[in-house]
Amino acid sequence: MRILVVEDEQPLADAIARGLRREGMAVDVAYDGESGHEKVSVTRYDVVVLDRDLPGMSGDELCREIVGSGALSRVLMLTASGAVEDRVSGLSLGADDYLAKPFAFPELVARVRALGRRATPATPPVLSAGDLVLDPAKRRITRSGRPVELTRKEFGVLEVLLSAGGKVVSSEELLERVWDENADPFTTTVRVTVMTLRKKLGEPGIIDTVVGSGYRVPDAAQSAGAV
């Protein structure tokens, strides 16, 4: 998933970003509302983790902009206040979820993942292709019942390909969905990552190269079952 964290407390913003990256997510950070608005204007994020109490362009205003633009991004609003009226007010702005500070990081991760699954089209919690099964929440992949160990980026690439349901995903889209804004658009990292991913998944191969277009997993399917 591609995540944007908009939080003016830089240590907290950086800590959230580091934690989400450890969960295999691609994370960009903005330390004020104006920067956050610029980023959501040019990049499609699955989830925006948005502090409500931002100086300048407030979190409320940015939330309205995101919702009003028709963007498919889900908004998780953070605030120092956990009062019921504040939660109601935040949700009435169009936020999809609301989390009061201080919060337990595992809860933040769970809420971000839950919002990511509500993307359009919705993605069930377990993805599969033949004998390959990927569970994003548990960060677990099995093939023929045996675990497969992948790096975070390899896991992210496979998750995007499986989520596409057999459709072709371009290298550019993989770079945008799995890497963050610091990725070099001219790098060969996507090709190299797919190559190592294929080796780790073994035979028979499940990732096809569509020359001039990108990659796909032809028999990718989505299941609500467990690994």
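Predicted model: local features only at pLDDT ≥ 70, side-chain atom pairs only at ≥ 80, totals over all residues.
Elsewhere, salt bridges that share partners join Glu7, Glu9, Asp51 and Lys101 into one network.

Five strands form an open sheet in the order E2-E1-E3-E4-E5, with parallel pairing. The edges are strand E2, residues 26–30, and strand E5, each of which pairs on one side only. Direction ignored, neighbouring strands of this sheet are turned by 20° against each other on average.

Although E2 is an edge strand, five of its five residues are buried. In a regular strand the side chains alternate between the two faces of the sheet. In E2, Ala26, Asp28 and Ala30 point one way while Val27 and Val29 point the other way, and all of these are buried. The chain crosses from E1 to E2 through helix H1, residues 10–22, and this β-α-β crossover is right-handed.

Asp46 lies in the loop between helix H2 (33–42) and E3, and a polar atom of the Asp46 side chain is 2.8 Å from the backbone nitrogen of Arg2. With a relative accessible area of 12%, Asp46 is buried. Apart from neighbours within four places in sequence, Asp46 is in contact with Met1, Arg2, Leu72, Ser73, Arg74 and Arg177.

The next region to follow is the one around Thr79. Thr79 is found in strand E4, residues 74–79, and is buried, with a relative accessible area of 3%. Leaving aside neighbours within four places in sequence, its contacts are Asp51, Arg52, Asp53, Tyr98, Leu99, Ala100 and Lys101. To take one of these, Thr79 and Leu99 are 20 residues apart along the chain, yet their C-alpha atoms are separated by 6.7 Å. The side chain of Thr79 also makes a polar contact with the side chain of Asp53, at 3.4 Å.

Two of the residues in contact with Thr79, Asp51 and Lys101, are themselves linked, their side chains meeting in a salt bridge at 3.3 Å, N to O. Asp51 lies in strand E3 (residues 47–51) and Lys101 in the loop between strand E5 (97–100) and helix H5 (105–116), so this pair ties together parts that are 50 residues apart in sequence. Both Asp51 and Lys101 are buried. Arg52, another residue in contact with Thr79, takes part in a salt bridge with Asp60, where the side chains meet at 2.6 Å, N to O, and both of these partners are buried as well. Side chains of opposite charge can pair when their charged atoms come close. The structure holds 12 salt bridges, among them those of Asp51 with Lys101 and of Asp60 with Arg52.

A last stop is Arg143, which lies in strand E8, residues 140–143. At 7% relative accessibility, Arg143 counts as buried. Its side chain is joined to that of Asp131 by a polar contact of 2.9 Å, and the Arg143 side chain also reaches the backbone oxygen of Gly202 at 3.2 Å. Setting aside neighbours within four places in sequence, Arg143 is in contact with Asp131, Leu132, Val148, Leu201, Gly202, Glu203, Pro204 and Ile206.

How values were computed: Residues numbered from 1 in each chain as written. Heavy atoms only, no water. Helix = DSSP H or I, 4+ residues; strand = E, 2+ residues; numbered from the N terminus. Buried < 20%, exposed > 50% of the residue type's maximum accessible area, 1.4 Å probe, protein only. Contact = heavy atoms within 4.5 Å. Polar contact = N/O pair within 3.5 Å; in protein donor to acceptor, adjacent residues only side chain to side chain. Salt bridge = Lys/Arg side-chain N within 4 Å of Asp/Glu carboxyl O. Pairing = 2+ DSSP bridges. Axes fitted to C-alpha atoms, helices over the stretch in contact; angles between N-to-C directions. Right-handed = clockwise from strand over helix to strand, strands pointing away.
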